[in-house]
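Trainee: I would like to learn how to read the sheet and the helix packing here. Please take me through them.

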Amino acid sequence: MPENDSPLRTEYDFQLPHGYVDAAGTVHRQGAMRLATARDELSPLIDQRVRENPAYLGVILLSLVITRLGTVSEVHAGVVEQLFAKDLAYLQDLYRRINGLDSSHGAVACPSCGTSFALPGPASGGRLGEA
Amino acid sequence: MTHPERRLREESAYIAYHFHWAYKDILTLPHAERRAWVREIARINSSISEGR
């Protein structure tokens, strides 16, 4: 069994800094994001939009894992596209944190000059099963 | 903001090879849980190779 005996938390509530403004002018700030899976990250790779623009992967990914955003009936890629940059950055950061891609695993700061360096994290380096 | 594609496939294949779980089921595991099972398989393999 996994080391952690507590039930796996799979969904996280969030509040957008600005909020998504829909066509009627309503602002939606409260939402929830579920944990991502390998399928979420692999399936968009065959999407034509991602093939043409790899950065679009982030948009599709967020549209898959955001389970709720205010009273928006469906959070699709078009909704994520229209988010303010600050909200998008906030959601990308939340995604990284809840999915183990947090900078604490992959970056260190030089104690002398403070410059940050990327390091291979648990998801990107080493052999399988070796922390 | 994602895990490397190669790593995802590597971990999924590792679990499928040892546990014979369906690929589609492995793909739906949250990242932390998938990695936890990878560690568990590695632990089992280490125990076996050390004769314990």
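Trainee: How many bridges join β1(A) to strand β2 of chain A?

Mentor: Strands (E, at least two residues) and helices (H or I, at least four) are DSSP runs numbered from the N terminus, and two strands pair if DSSP finds at least two bridges between them. Here seven bridges join β1(A) to β2(A), residues 27-34, and the two run antiparallel. Glu11(A) lies opposite Arg34(A) of β2(A). This is a predicted model, in which local features need pLDDT of at least 70, side-chain atom pairs count only at pLDDT 80 or more, and totals for chains, interfaces and linings use all residues. Residues are numbered from 1 along each chain as its sequence is written, chains are lettered from A and ligands numbered from 1 in the order in which they are written, and side-chain values use heavy atoms, with hydrogens and water left out.

Trainee: What order do the three strands of the open sheet have?

Mentor: The order is β1-β2-β3 in chain A, with antiparallel pairing. β1 (11-21) and β3 (66-69) of chain A each have a single partner strand, so one side of each lacks a neighbour in the sheet.

Trainee: At what angle do α3(A) and α5(A) pack?

Mentor: Axes are lines fitted to C-alpha atoms, for helices over the stretch in contact, and angles run from 0 to 180 degrees between N-to-C directions. For α3 (56-65) and α5 of chain A the angle is about 70 degrees, with the axes 11 Å apart. The two helices are therefore roughly perpendicular (65 to 115 degrees).

Trainee: Which residues of α3(A) meet α5(A)?

Mentor: Contact means heavy atoms within 4.5 Å. Leu61(A), Leu62(A) and Val65(A) of α3(A) meet Leu88(A), Leu91(A), Gln92(A) and Tyr95(A) of α5(A).

Notes: Parallel < 35°, antiparallel > 145°, perpendicular 65-115°, else oblique.
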